[in-house]
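Opening the notebook on a new model today.

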Amino acid sequence: MRYTFSVLLTLSISYLSAQSTDIPLNGPAYHILDEWDVKAEKSLFTTIKPVSRRYFAENIEAVTVGKSRADVWDKTYIIQETREYQDSTARNQKPLFGRFFEYPADLFAVSQDDFDLHVSPVVVLRVGKETDSRFDKVLFENYRGLELRGTIDKVSFYTLLTENQARYPYYVQQVTDSTIAVPYEGFWKAHNDTGVDFLRAQAYIDFNVSKHISAQFGYGKHFIGDGRRSLILSDVGNNYPYLRINTRIWKVQYTNIFAQLVGETTGGTYGLDGFGAFSRKYLASHHLSFNAAPNLTVGLFESVMYGDSSGTLKIDYLNPLIFYRALEQQDGSSDNVLLGLDFKWNLWQRISLYGQLVIDELIVSEVFSKSGWWGNKQGFQLGAKYFDVFGIQNLNGQVELNRVRPYVYGHETNFTSYSHYNMALAHPMGANFQEVLFSLNFRPLPKLKLQGDLLTARYGDDLGNLNYGRDVLKTYLPAKRPGDYDNQMYQGVDTRLLMGQAKISYQVYHNMLLDLDVIWRREASDLDEQETTIVATTFRWNFPSRSYLF
């Protein structure tokens, strides 16, 4: 893989041109882009994230709509976030010591013809309390670090490094206990018994191979979809090394992602083992988006997960155009291939309908036979976003349904399961579930946002050593399944989850926010019942809000 990356880098040097860094995942800019896309009906490519700052900048004038105070503030915010691609940007009248905070988005910045640098601090200070009697300690998150981005000649770069300690809610700790993984993170060690300590690092370089083809080589993660969840690829797991190639021309965007993942980790309550190398596996994925109409975008995707204890890289899958399923069959069908499609349909400059269909395995006769064949492995998502609900400016709603049958994403070993660092690579609930998400947010003032979320879900948990189809890390070999037929949704331990959260966020300064949130969660089955309430307040600076809505 190193050799392949080196060749691609070498071949691209003479074509470098319109490079760009990306706006980090889950930032407020993505909600702004969604609203622009719906109200302007310009068929923006929003499915593959993160999105480059240059793409945001190119579409500011083309799609900005509305004249409310919030609309004006949104445009100003994006201009500050994409300052290096603007003709002019408002400066602070009194920079600190005449050199720091010259612009709201940067602690320190340098702009020259062949060199551009932006330095920003990253701080998260969160403190909260949980009512669950089994967890009688203060919750906290303490992240500190730096974010750097810029351009040298024609190559853009980005790097983030933070040092972190945290004590997450009890239900999040249960995920760590069962997977030896902290959601969103990687290597960790115990901190004061019930807390975690870890480093977070992310970096990449970005360059253009030609006028319409760009490449990014780095260590990070991606999100594919237009909803709150993704059934294809989400960011709930750890970062990974990758090569991303993006082709945008005419009405088409074609994206390749080649990634090296971790198949298995080892550790215990103390954290992960810090000696030796974890096993490696690989992901190759391509996604094609096509603007079928000014308000309709459809997409096709395919991904293959492969690997074994030898860590051998299959050069076959580095072909950016080939049909992976045909190639996998030629090689003996030992790998895990996902196929599917997605769509986004914007209506009346107010509503966006979206969805995904994922096929892990499909035999049409078995699907319609109602036999409960275990290999009926499919999932789908349907959702809608509604902007300016009932004509009320800045009142936005969203509803989303996700349903995934048992054994989707799983495979014979962890080297071929759709997972990374012991975490599901798509939906955090794995498979064998159905959930409905409701969300409503309102901005009475440009800098003040009120949001409420409600999650209702039902899933079948695994029981004992048998795999009933939820845990993507468990093998689905015949000896580990209850049977080939009569497999139904929610089989295993039938569990209900109801969760609500309310959040108030105020942006004190550019990307500096104060949050107050309340979370209520109840999970119940015939074997156990848990109910908890969490109240927390957070100071965030240059770090997006993370959702633990699961």
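Below are my entries, in the order I looked things up.

**Confidence.** This is a predicted model, so I checked pLDDT before anything else. The protein averages 91, and 95% of the residues score at least 70. Residues 1–17 are another matter: pLDDT stays under 50 there, though the model has 24 contacts for that stretch beyond four places in sequence.

**Largest pocket.** I started with the open spaces. The largest pocket holds about 940 Å³. I count 32 lining residues, with Val175, Ser178, Tyr459, Asp461 and Arg470 closest to the centre. Helix 6 (170–179), strand 21 (423–424), strand 23 (448–461), strand 24 (493–509), strand 25 (512–524) and strand 26 (529–541) each give two or more residues to the lining. Which element gives the most? It is helix 6, with five residues. By class I get 15 nonpolar, eight polar and nine charged residues in this lining.

**Helix 6.** Since helix 6 kept turning up, I looked at its burial. Seven of its 10 residues are buried, so helix 6 is largely enclosed by the rest of the structure. The buried ones are Tyr170, Tyr171, Val172, Gln173, Val175, Thr176 and Thr179. What do the buried residues of helix 6 pack against? I find strand 3 (115–130), strand 5, strand 21, strand 24, strand 25 and strand 26. Strands 21, 24, 25 and 26 also give residues to the pocket lining.

**Second largest pocket.** This one has a volume of about 620 Å³. Its lining takes in 41 residues, and Ala201, Gln202, Gly220, Lys221 and Asn239 sit closest to the centre. Strand 5 (155–167), strand 7 (195–208), strand 8 (213–220), strand 10 (240–249) and strand 11 (252–262) supply at least two lining residues each. Strand 7 has the largest share, five residues. The classes come out as 23 nonpolar, 10 polar and eight charged.

**Cavities.** Next I asked how many cavities of 30 Å³ or more the structure holds. There are six. I followed up the second largest cavity, at about 210 Å³. It is lined by 18 residues, and Pro24, Tyr77, Glu81, Asn511 and Asn542 lie nearest its centre. Helix 5 (69–81) and strand 4 (139–152) are the elements giving two or more residues to that lining. The lining has nine nonpolar, four polar and five charged residues.

**Helix 5.** I ran a length check on this helix. At 1.5 Å a residue its 13 residues should span 18 Å, and the end C-alpha atoms are 18 Å apart, which agrees. Its buried residues are Ala70, Asp71, Asp74, Tyr77, Ile78, Gln80 and Glu81. Tyr77 and Glu81 are also named among those nearest the cavity centre.

**Threonine 21.** I found threonine 21 in the loop between helix 1 (2–12) and helix 2 (29–40). Is it buried or exposed? At 1% relative accessibility, threonine 21 counts as buried. Its contacts beyond four places in sequence include Ser52, Glu84, Arg149, Phe157 and Tyr204.

**Phenylalanine 438.** For contrast I picked a residue in strand 22 (residues 433–445). Phenylalanine 438 is partly exposed, at 39% relative accessible area. It touches Gln398, Val399, Gly452, Asp453, Leu454 and Thr456, leaving aside neighbours within four places. Leucine 455 is 17 residues away in sequence and 6.5 Å away in space, C-alpha to C-alpha.

Most residues other than glycine have a negative phi, and most peptide bonds are trans. I listed some exceptions.

- Lysine 49 and proline 50 are joined by a cis peptide bond, omega about 10°; proline 50 lies in the loop between strand 1 (48–49) and helix 3 (53–58).
- Tyrosine 184 has a positive phi near 80°. It sits in the loop between helix 6 and strand 6 (189–191) and is buried, at 8%.
- Asparagine 422 has a positive phi near 70°. It is in the loop between strand 20 (419–420) and strand 21 and is buried, at 9%.

Key: Residues are numbered from 1 along each chain as its sequence is written. This is a predicted model: local features need pLDDT of at least 70, side-chain atom pairs count only at pLDDT 80 or more; totals for chains, interfaces and linings use all residues. Side-chain values use heavy atoms; hydrogens and water are left out. Helices (H or I, at least four residues) and strands (E, at least two) are DSSP runs, numbered from the N terminus. Buried means under 20% relative accessible area, exposed over 50%, partly exposed in between (1.4 Å probe, protein chains only). Contact means heavy atoms within 4.5 Å. pLDDT is the predictor's confidence in each residue, from 0 to 100. On a 1 Å grid over the protein atoms alone, a cavity is a set of points where a 1.4 Å probe fits but cannot get out, and a pocket is an open set with protein on both sides within 12 Å along at least five of seven lines; lining residues have an atom within 4 Å of a point. Grid points are joined across faces, edges and corners, and a volume is the space filled by probe spheres set on the points. Ala, Val, Leu, Ile, Met, Phe, Trp, Tyr, Cys and Pro count as nonpolar, Asp, Glu, Lys and Arg as charged, and the others, Gly among them, as polar. The expected span of a helix is 1.5 Å times one less than its number of residues.
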